[in-house]
Amino acid sequence: AYDALTNTAKDATSKKGATVALADYAARILSEILPIPNDQSTASSSSSLPARVQTLAQARHHHANQIQSQKKRYSARPKKTRGGVRDSELPYVLERTDCCIVEIDGEERNNDKEKVLQFYLHGEFAVPNEGGDSISSKEILDGILSRTLTSVLQTLSEELTSHKCFAHIAAVVLQRRLRSMLQPPRNNHFDNRENSTSTDQSYLDAVAFLADGSLLPRKSGRSILPMASPPAIPFYSPEGSEKLTRVVTVEVGSFWRKFLNDDGSVAMQRRERQQQQQQQQQQRKFLNDDGSVAMQRRERQQQQQQQQQQKDEEINHSKNNANDDDDNNSNNTADNNKTTVTMRGMIIPKGVTLIVGGGYHGKSTMLQALSYGVYDKLPGDGRERCVTHADAVSIRAEDGRYVNRCNVSAFISNLPGMRKKNKNDTHQTTTGGGGPPDTTRFSTKDASGSTSQAANVIEALESNASALLVDEDVSAANFMARDGRMRAMIMDEPITPLLYRVNGLFL
């Protein structure tokens, strides 16, 4: 699997993305296989001991649940937990430390570095006393490990060469390549050393790109799963926005192109299409053509027809499987020249962009998709073709946050209160003698909504952020804007709204 992805990756961006995606897929497969529970079914004395093997994330989660259960046991009134807890893993492909691809020294004849998949597991074993058993503890542990990990490694090796694994990697490669086309590489930035491609590459000069057909809404506010469509409406570039609509052609290579459709979405196998069609037929069997509920007699007739169709499909299924290789070979020869995918969508250009619309029209949903566009997402998330520049930062108000010596004088000045004179710390904002607080080195342990958002903006600029994503729903109203009546009412307002500084931030 690693040879396939490294030989087909033409640039550093695709190679890095494919490597991270392969390790991420392996970690997700391990989390599905593990944990292995206690097994006492064997008859041998060495293997009858309880053993538990799990990933590090599962071990931390198990330990946290034990601590939480102990707190609930000893507490007088246990707290009620909210529903909708995120049981599934996050749909973001991130570089992992517990599962990664590393280099090791190869054979002595060839001084080349060998790539291996390295992952860490957490095991719990019960070993008997050495005095009461002739078998040593080391031999027992070796037997338990060989017995428990053999099936795990076999399943993992099969999954790493499957169509689903390569489709997972192809989606990440597409997102990395599309993100590298947004803007030219910036100097002295950690992420753009590998994003440098050919000098004649055409850039979109944009902050983000949203492909048509993307499914942005989530199931609920606490869910990471996409909302079913319908009722969710896929995103499409609005009419009359020709200046923002783009048709983008992304080079992904001939190998990864086999696992993607023409619009960049992940291609499904024939069996997956048949299962999806069967599910749709089963959902429609209880409805008439006009959408009304079907009668029982018609249901029986449809069931009989479906059973006949299933029998015919089973008969043809073996023929289809036999012809799969021939079809794939013919498709591969026809698609060998195809190395690109073309998608239509909307860009967020450089500058000041305002997203407007009525209530419940998806403004915050779109902005949330833009904020998560800095991460690579899994196939089926609905937002896997929505990318944002890696330096984009989401800004919001955080009441009560800690601020330490931040220069917020561009937004905050003439604050009430006095600064305490102290030789050890002359920048502590407290009440007392010594003059007004210095907003060029502002510090507080309990920031208000406006001061916390001002600190967030300054810290993002100091971090060399390329875009600031601000949502009005979670922002401080007095920090965003101030109208003429408020200016006439409050003459010595210490807050300079973001509206007055936004042009200067961009220029």
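Predicted model: local features only at pLDDT ≥ 70, side-chain atom pairs only at ≥ 80, totals over all residues.

## A helix inside the protein

A residue is called buried when its relative accessible area is under 20%.

Helix α5 covers residues 163–180. Of its 18 residues, 16 are buried, so the helix is largely enclosed by the rest of the structure. How far apart are the end C-alpha atoms of α5? They lie 26 Å apart, which agrees with the 26 Å that 18 residues should span at 1.5 Å a residue.

## The protein as a whole

Stepping back, you can find 13 helices and 14 strands in the protein. There are 507 residues, and buried ones make up 35% of them.

The accessible surface comes to about 31,400 Å², with 48% of it belonging to carbon and sulfur atoms. If you take the contacts with a separation of 6 or more, 68% of them are between residues 24 or more positions apart.

How many disulfides does the protein have? The count comes to 0. A disulfide needs two cysteine sulfur atoms within 2.5 Å. For Cys99, the closest cysteine sulfur belongs to Cys100 and is 6.9 Å away, so the two are too far apart for a bond.

Is Cys99 buried or exposed? Its relative accessibility is 2%, so Cys99 counts as buried. Cys386 is buried as well, with a relative accessible area of 1%.

## Around Thr451

Next, find Thr451 in helix α10, which runs over residues 449–462. Thr451 has a relative accessible area of 9% and is therefore buried.

Which residues does Thr451 touch, leaving aside those up to four places away in sequence? They are Ile412 and Phe442.

Where does Ile490 lie? This residue is in the loop between α12 (484–489) and α13 (502–506).

Ile490 has a relative accessible area of 31% and is partly exposed. Patch residues must have over 30% relative accessible area, so Ile490, at 31%, passes that cut-off.

Conventions. Residues numbered from 1 in each chain as written. Heavy atoms only, no water. Helix = DSSP H or I, 4+ residues; strand = E, 2+ residues; numbered from the N terminus. Buried < 20%, exposed > 50% of the residue type's maximum accessible area, 1.4 Å probe, protein only. Contact = heavy atoms within 4.5 Å. Areas by Shrake-Rupley, 256 points an atom, 1.4 Å probe, with all protein chains shown as cover. Expected span 1.5 Å × (residues − 1).
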